[in-house]
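Dear colleague,

Please find the structure below, passed on for your records. My notes on what was found in it follow directly.

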Amino acid sequence: FCGAVNQHRAEAQLKDIGKAVMEQAGEQEGSLGAVAKLGTSIKDIQEHLDALQKNVDTLKSVKSMLGG
């Protein structure tokens, strides 16, 4: 259990660091800034899609339980 908690904390910290690096790169001018902004946008879109998929899976589960 402790190992799992520590791993989640480390992953969260790594995610925060990655986000900060991408934000700083996004503030740069030129190609680096544009690529960083695109990367951040793609990452955000993926997170939203993952959340939507989780919601779809939950709805399918409820529908199945209701006999649909």
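Q46 lies in helix 2, where helices (H or I, at least four residues) and strands (E, at least two) are DSSP runs numbered from the N terminus. With 41% relative accessibility, Q46 counts as partly exposed; buried means under 20% relative accessible area, exposed over 50%, and partly exposed in between (1.4 Å probe, protein chains only). The side chains of Q46 and D50 are joined by a polar contact of 2.7 Å. Such a contact is a pair of N or O atoms within 3.5 Å; within protein, one must be able to donate a hydrogen and the other to accept it, and residues adjacent in sequence count only if both atoms are side-chain atoms.

Please note that this is a predicted model, in which local features need pLDDT of at least 70 and side-chain atom pairs count only at pLDDT 80 or more, while totals for chains, interfaces and linings use all residues. Residues are numbered from 1 along each chain as its sequence is written, and side-chain values use heavy atoms, with hydrogens and water left out.

The chain has two helices and zero strands. Of its 68 residues, 6% count as buried. Helix 2 (residues 31–65) has 35 residues and reaches 51 Å from its first C-alpha to its last, close to the 51 Å expected, the expected span being 1.5 Å times one less than the number of residues. Just after helix 2, G67 adopts a positive phi of about 90°.

The structure holds one salt bridge, defined as a side-chain nitrogen of Lys or Arg within 4 Å of a carboxyl oxygen of Asp or Glu. It links the side chains of E47 and K43 (3.0 Å, N to O). Because E47 and K43 are four residues apart in helix 2, about one helical turn separates them. E47, at 32% relative accessibility, is partly exposed, and K43, at 35%, is partly exposed as well.

Finally, E23 is found in helix 1 (residues 2–26). E23 and K37 are 14 residues apart in sequence and 7.6 Å apart in space, C-alpha to C-alpha.

Yours sincerely
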